[in-house]
Amino acid sequence: MKKLVVLFAIVCPIFADVQQYDGYQVYEVTAKTIHQLQDLIDLEQSGSYDFWNRIGFNAPTDIMAAPDQINQLTDYLSKSNIEYRMKISNVQQLIDRPKASAKLGPHSPRYNLTWDNYYRYDDIVEFAYELAASYPQLVSVSSAGQSYEGREMILMKISSGGDGTKNAIFVDAGIHAREWIAPATVTYIIRELVENYASHPQYIDDVDWFFMPLINPDGYEFSHTNVRLWRKNRRPNDDVNSTCIGTDLNRNFGYHWNEGGSSDSPCNEMYHGPEAFSEAESRVVRDAIWAEANRTKSYMTVHSYGQYWLTPWGYTAELPDDYDQMYALAAEAVVALTAVYGTQYEIGSGTILLYPNSGPSDDWAKGVAGIPYSYTIELRDKGPVYGFLLPPDQIIPSGIETWEAFKVIAENVAKMP
């Protein structure tokens with residue numbers, strides 16, 4: 001194992017102003033041997049660099065380095081004989097690029113969202129309540145709870161009525177703050193379901209939907225106001241005598257918590273928290289899922305990036321007993337998605353395709369809540385250019401193609417016993 005010089009310039013800074021990324025670079029690296037894979041795992045666990053996606057064997061991993069870390073990173077990679085290439089030469093230039101001008105077309109003037117740009121927390125909440133006001137026969141909105149900083153975590157129910165026994169689908173997004181495309185895509189799908197109900201009533205008449213379009217609101221707002229690439233929530237870790245802030249909410253769920261692929265360092269991007277469900281946000285999501293778990297057949301948590309449709313388990317390479325059925329439904333959904341623009345997704349267990357991660361929400365949803373078709377969906381892109389900094393002009397295409405996949409899930413859920 002190589003000696004690592006641990007620098008927390010990216011992972012654990014104290015921010016008083018807006019974080020700038022001038023001169024920060026992103027490198028694509030590929031581990032092709034077990035030793036190289038372990039070297040990347042050691043590097044990630046050191047907390048020195050910001051790993052933009054999960055480490056995979058013989059698959060690209062993107063690592064961001066501050067200007068004063070670049071030589072150290074490339075030296076480490078060279079000594080490990082790990083292939084690498086510079087993918088983004090200046091992260092700030094991508095952040096500063098002009099806004100898109102794509103337009104959705106006619107929509108309700110009652111809310112701000114137009115899906116031609118990334119919108120803030122207040123806009124997303126406004127969208128939910130205005131949709132409920134305009135379509136009270138289809139949409140209801142409630143507060144599932146509050147985040148650490150006191151922001152409302154909204155839960156949208158989309159249903160045409162009934163006695164509450166219809167099969168259901170539960171969708172959440174935005175668990176990682178910097179993954180802006182996830183809430184944008186999910187709100188697009190909500191709009192399509194509701195405002196175009198007359199064109200496809202079966203997707204609401206036959207299935208009830210539950211959406212939490214933004215489950216890390218504090219981190220999401222912080223990524224807009226201070227640190228564009230913030231990942232975790234915003235609760236201070238002074239309970240474990242650390243000045244670093246935040247827990248990775250997708251390592252905080254209580255099913256095989258802290259069994260690999262997470263960190264016990266509060267300064268690490270994958271810090272799993274002091275205990276399972278230590279965070280207000282993960283508890284709120286847990287309770288919202290539990291309330292409808294007995295009739296929920298599919299849980300989908302929407303992330304970015306990489307274009308993966310992932311199944312449990314995260315904590316082990318063993319597959320669920322019903323993996324073949326899970327894979328078959330995912331494959332059908334991905335075929336429909338790919339048919340729109342040719343966007344290619346990989347399907348499979350996150351541990352096998354990528355790297356173990358214990359404590360994710362989809363493992364808990366399947367392993368504890370008993371929701372059979374639980375998935376993590378990693379949206380655009382594959383990372384050749386943008387990674388987390390996907391241009392706003394890709395929001396609508398992402399929404400259109402992902403909606404096609406969701407239609408397949410809904411058609412199958414409607415027929416399940």
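Predicted model: local features only at pLDDT ≥ 70, side-chain atom pairs only at ≥ 80, totals over all residues.
**Cavities**

Residues are numbered from 1 along each chain as its sequence is written, and side-chain values use heavy atoms, with hydrogens and water left out.

The largest cavity holds about 460 Å³ of space, a volume being the space filled by probe spheres set on the grid points, which are joined across faces, edges and corners. I found 41 residues lining the largest cavity, with Trp-52, Asn-53, Arg-54, Arg-231 and Glu-378 the closest to its centre; lining residues have an atom within 4 Å of a point. Sorted by class, this lining has 14 nonpolar, 14 polar and 13 charged residues, with Ala, Val, Leu, Ile, Met, Phe, Trp, Tyr, Cys and Pro taken as nonpolar, Asp, Glu, Lys and Arg as charged, and the others, Gly among them, as polar. I then asked which elements supply at least two residues each to the lining of the largest cavity, and they are β3, β9 (296–304), β10 (308–311), α11 (361–367) and β12 (373–379). The largest share, 3 residues, comes from β10. Helices (H or I, at least four residues) and strands (E, at least two) are DSSP runs, numbered from the N terminus.

**Largest pocket**

I looked next at the largest pocket, whose volume is about 460 Å³; a pocket is an open set with protein on both sides within 12 Å along at least five of seven lines. Of its 22 lining residues, Ile-95, Asn-117, Trp-180, His-224 and Arg-228 are the closest to the centre, and the lining as a whole has 11 nonpolar, 8 polar and 3 charged residues. Helices α3 (91–95) and α7 (217–225) each supply at least two residues of the lining of this pocket.

**Eight-stranded sheet**

I traced an open sheet of 8 strands with mixed pairing, in the order β5-β6-β8-β7-β9-β12-β10-β11; two strands pair if DSSP finds at least two bridges between them. Strands β5 (139–146) and β11 (346–349) stand at the edges with a single partner strand each, so one side of each has no neighbour in the sheet. Within this sheet I checked β9 and β12, which pair in the parallel sense over 7 bridges, and I saw that Ser-298 has Tyr-373 in β12 as its bridge partner.

Helix α12 (residues 395–415) lies across β7, β8, β9, β10 and β12, running at about 165° to β9; axes are lines fitted to C-alpha atoms, for helices over the stretch in contact (heavy atoms within 4.5 Å), and angles run from 0 to 180 degrees between N-to-C directions.

**Helices α4 and α5**

Helix α4 (residues 121–134) packs against helix α5 (residues 181–195) at an angle of about 10°, with the axes 12 Å apart. The two are therefore roughly parallel to each other, a term for angles under 35 degrees. In this contact I listed Ile-124, Phe-127 and Leu-131 of α4 meeting Pro-183, Thr-187, Ile-190, Arg-191, Val-194 and Glu-195 of α5, which divide into 6 nonpolar, 1 polar and 2 charged residues.

Conventions
1 Å grid on protein atoms, 1.4 Å probe; cavity = no way out; pocket = protein on both sides within 12 Å on 5 of 7 lines; lining within 4 Å. Parallel < 35°, antiparallel > 145°, perpendicular 65-115°, else oblique.
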